[in-house]
Amino acid sequence: MAVVDFGIAALASVLGEPRDVAEEARNHGANPHVVATMGFRTVHKAPVGTTTAAFGVAAARTALDKAGLHLSQVDYLVVVSSNVPEYLQWDLSAAVARDLGLRDVPTLSLAQGCLSAVQAFEYIAGLFSIRSELQTVLLVSAELVCDEHVNRLGNGTNADSDGAVAAVLRRGHTSLRWLASEQLTDPAYADFFRLEYGGRAAPSPPPGRSNRGIDPARAIFDFFEGAAQPFAEYARMTDARIADAVDGACKRAGMERSDLTKVILLHSNQVTLRRVADVLGVPLDRTNAALAAKLGHFGGLDPLVCLDIYTDRGTFTPGDTVALAGMSSGLHWFCTLIQV
């Protein structure tokens with residue numbers, strides 16, 4: 001069981017404006033058959049001029065209100081974002097603290113891909129364990145797509161959305177308790193899903209090229225030199241290791257995968273989610289596949305947005321255990337267990 005005792009006192013989400021995926025796909029030139037097969041129905045886009053920090057602040061204020069806490073009761077701020085930021089060499093956690101009105105409160109920025117928001121619970125467990133004075137940690141995860149670098153719909157297999165979620169984590173809170181986290185890493189694939197241009201290696205793209213033109217799936221296929229069998233084995237491996245991460249977290253918590261009430265995954269397309277559900281040995285309706293189709297992919301905050309929605313609906317009963325899991329660039333596989 002968990003070596004430190006803390007739980008989620010409140011959750012709050014702020015989502016961009018909903019747009020129909022089929023219509024957006026036509027605007028982006030995506031193959032309509034592929035889009036229909038993938039199953040995303042909605043993508044959320046932030047209003048023009050909105051910043052990542054503003055979305056995070058809005059979610060944080062709502063979460064604190066729901067928890068009945070004043071800003072002065074926040075002892076530590078953790079901010080997560082893995083998309084291209086508004087500015088380079090800029091600390092988003094400090095910007096969120098400033099805009100919230102937090103003063104003299106330590107902050108932490110996390111930007112380790114889609115792993116970060118869920119795995120943050122383990123890092124926060126460490127903070128609680130070594131800082132006995134900490135009572136409240138505010139976790140904020142905000143993701144706004146930089147349309148100049150990323151095609152939201154890619155080749156029709158994904159639907160990247162804008163949104164933010166905030167969680168108020170309290171020492172000794174008895175509901176939505178953190179039980180355990182697990183992370184697995186295979187650095188052999190560290191270069192998968194990266195953006196090629198804008199960094200030190202290639203500050204500017206060659207004429208006629210841009211990050212928006214990169215198809216990650218095609219880049220992975222090219223990594224295997226077009227060999228279908230190794231590519232298929234890689235795809236099977238990535239699904240299987242999600243199950244390994246879930247099992248690892250369950251082992252840390254002294255339970256079995258069969259004890260889980262629901263497995264909340266990153267919002268991939270419906271084809272991928274059905275495949276992962278099969279590997280996990282759970283019915284699709286015990287995952288968040290239906291919500292993923294309605295919401296789009298918010299990066300690493302997907303599982304927390306779903307947890308917020310499910311708790312507001314009263315989906316769970318006290319004692320239920322929920323797994324938040326997925327795969328991230330890196331490559332990383334991760335899982336955090338939450339007991340309702």
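Is Gly296 buried or exposed? I looked this up first, and Gly296 is buried, with a relative accessible area of 0%, where buried means under 20% relative accessible area, exposed means over 50% and partly exposed lies in between, with a 1.4 Å probe and protein chains only.

Before going on, I noted that this is a predicted model, in which local features need pLDDT of at least 70 and side-chain atom pairs count only at pLDDT 80 or more, while totals for chains, interfaces and linings use all residues. I also noted that residues are numbered from 1 along each chain as its sequence is written, and that side-chain values use heavy atoms, with hydrogens and water left out.

**Entry on Gly296.** I found Gly296 in the loop between α9 (289-295) and α10 (302-313); helices (H or I, at least four residues) and strands (E, at least two) are DSSP runs, numbered from the N terminus. Leaving out residues up to four places away in sequence, I listed Phe40, Thr42, Ala159, Ser161, His267 and Asp302 as touching Gly296, contact being heavy atoms within 4.5 Å. I then looked up Pro18, which is 278 residues from Gly296 along the chain, and the C-alpha atoms of the two are separated by 9.5 Å.

**Entry on strand β6.** Next I turned to β6, which spans residues 136-143, and saw that eight of its eight residues are buried, so β6 is largely enclosed by the rest of the structure. Thr136, Leu138, Val140 and Ala142 point one way from β6, whereas Val137, Leu139, Ser141 and Glu143 point the other way. I reminded myself that in a regular strand the side chains alternate between the two faces of the sheet.

Which strands pair with β6? I found that strand β4 (residues 76-80) pairs with β6 in the parallel sense over five bridges, and that strand β7 (residues 163-171) pairs with β6 in the antiparallel sense over eight bridges; two strands pair if DSSP finds at least two bridges between them. As examples, I noted Tyr76 opposite Val137 in β6, and Val165 in β7 as the bridge partner of Ser141.

**Entry on Thr136.** Lastly I looked at Thr136, a residue of β6, which is buried with a relative accessible area of 0%. The side chain of Thr136 makes a polar contact with the side chain of Arg170 (2.5 Å), a polar contact being a pair of N or O atoms within 3.5 Å; within protein, one must be able to donate a hydrogen and the other to accept it, and residues adjacent in sequence count only if both atoms are side-chain atoms.
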